Amino acid sequence: MTHDDPSPETMERLERAEQLKLNGNYNQALGILEELLLEDPENVSALEEVADNELSLGEYRRAEAAARRAIALDAKSYTGHYILGFLNSRSGQWDEAAGRLRKANQLKSNNAEILRCLGWALFHAGQRAQGIVTLERALNLDQDSTLTLCDLGVAYIEVQNFPKSRALLKRALELEPENTRAQECLSAVDRFARMARLG
């Protein structure tokens with residue numbers, strides 16, 4: 001049995017782990033995945049899921065190790081490339097992040113979360129126009145993503161398009177009234193807009 005063709009029982013366990021992850025039970029999900037990996041250390045799907053769960057738990061080194069292993073076994077692991085790109089972004093390695101996320105996007109196009117992270121990385125790597133266009137694409141794919149609305153709102157603050165930024169951040173707050181990032185960014189928009197008028 002190759003890892004491209006998992007048994008129904010393996011699929012069922014992967015799906016159970018996925019459900020636990022979606023419910024926020026990351027450690028329980030990891031228990032199932034680690035059992036799978038003991039039986040089949042080359043199970044790329046299990047490695048990708050381990051990386052994703054470790055990321056959610058803030059265990060970045062473990063997430064990176066699992067993502068690297070997944071890519072070593074399958075160069076087309078878009079999840080592996082996405083997670084490494086996300087980790088590069090977290091540490092401000094914008095060029096590396098953009099490269100990894102571009103690869104993830106080539107392997108899995110039109111994924112709103114990959115495009116969001118790619119747009120953010122491109123914007124911070126100095127490719128501002130490309131970053132904004134990519135973030136807009138992510139928003140078109142998932143119009144209710146407060147993460148994308150906030151990222152795009154911040155990008156528009158930085159290029160001083162305050163009306164556009166304000167509209168995006170207000171939309172984020174309509175979806176999530178308690179979103180502190182959106183609240184803080186909206187206050188910043190008003191501050192910067194005032195400064196721009198005075199300047």
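Trainee: Is the crossing of α9 and α11 left-handed or right-handed?
Mentor: Both are helices, meaning DSSP runs of H or I with at least four residues, numbered from the N terminus; strands are runs of E with at least two. A crossing is left-handed if the near helix is turned anticlockwise from the far one by less than a right angle, and right-handed if clockwise. Where α9 passes α11, the crossing is left-handed.

Trainee: What kind of model is this?
Mentor: Residues are numbered from 1 along each chain as its sequence is written, and side-chain values use heavy atoms, without hydrogens and water. Local features need pLDDT of at least 70, side-chain atom pairs count only at pLDDT 80 or more, and totals for chains, interfaces and linings use all residues; the model is predicted.

Trainee: Are α9 and α11 roughly parallel or roughly antiparallel?
Mentor: Axes are lines fitted to C-alpha atoms, for helices over the stretch in contact, and angles run from 0 to 180 degrees between N-to-C directions. Angles under 35 degrees count as roughly parallel, over 145 as roughly antiparallel, 65 to 115 as roughly perpendicular and the rest as oblique. The axes of α9 and α11 (residues 180–198) come within 10 Å and cross at roughly 20 degrees. That makes the pair roughly parallel.

Trainee: Which residues of α11 make the contact with α9?
Mentor: Contact means heavy atoms within 4.5 Å. From α9 come Leu 147, Cys 150, Asp 151, Val 154 and Ile 157. They meet, on α11, Arg 181, Ala 182, Cys 185, Val 189 and Phe 192.

Trainee: How many residues in the contact of α9 with α11 are nonpolar?
Mentor: Ala, Val, Leu, Ile, Met, Phe, Trp, Tyr, Cys and Pro count as nonpolar, Asp, Glu, Lys and Arg as charged, and the others, Gly among them, as polar. In this contact, 2 are charged and none is polar. The nonpolar residues number 8.

Trainee: Is Ile 157 buried or exposed?
Mentor: Ile 157 lies in α9 (residues 146–158). Buried means under 20% relative accessible area, exposed over 50%, partly exposed in between, using a 1.4 Å probe and protein chains only. Ile 157 has 10% relative accessibility, so it counts as buried.

Trainee: How far apart in space are Ile 157 and Ala 188?
Mentor: Leaving out residues up to four places away in sequence, Ile 157 touches Phe 162, Ser 165, Leu 169, Cys 185, Val 189 and Phe 192. Ile 157 and Ala 188 are 31 residues apart in sequence. From C-alpha to C-alpha, the distance is 8.3 Å.

Trainee: Is Gln 160 buried or exposed?
Mentor: Gln 160 lies in the loop between α9 and α10 (162–175). Its phi is near 60 degrees, a positive value in a residue other than glycine. Most residues other than glycine have a negative phi. With 57% relative accessibility, Gln 160 counts as exposed.

Trainee: Where is Asn 110 found?
Mentor: Asn 110 is not a glycine, yet its phi is positive, about 60 degrees. Asn 110 is found in the loop between α6 and α7.

Trainee: At what angle do α2 and α3 pack?
Mentor: Take α2 (residues 26–39) and α3 (residues 44–56), with axes 9 Å apart. Their packing angle is about 155 degrees.

Trainee: How does that angle make α2 run relative to α3: roughly parallel or roughly antiparallel?
Mentor: The crossing of α2 and α3 is left-handed. Contact residues include Leu 33 of α2 and Val 50 of α3. The angle of about 155 degrees makes α2 and α3 roughly antiparallel.

Trainee: How many residues are in the largest nonpolar core?
Mentor: A nonpolar core is a set of buried Ala, Val, Leu, Ile, Met, Phe, Trp, Tyr and Cys residues joined through side-chain atoms within 4.5 Å. Leu 33, Ala 46, Val 50, Tyr 82, Ile 83 and Leu 101 touch the most other members. Elements giving two or more residues to this core include α1 (8–22) and α7 (112–124). The residue count of the largest core is 33.

Trainee: Is Arg 100 exposed, buried or partly exposed?
Mentor: Arg 100 is found in α6. Among the residues that Arg 100 touches are Arg 68 and His 81. At 23% relative accessibility, Arg 100 counts as partly exposed.

Trainee: How many helices does the chain have?
Mentor: Along its principal axes, the C-alpha trace spans about 65 × 30 × 25 Å. Of the 199 residues, 44% are buried. The chain has 0 strands, and its helices number 11.
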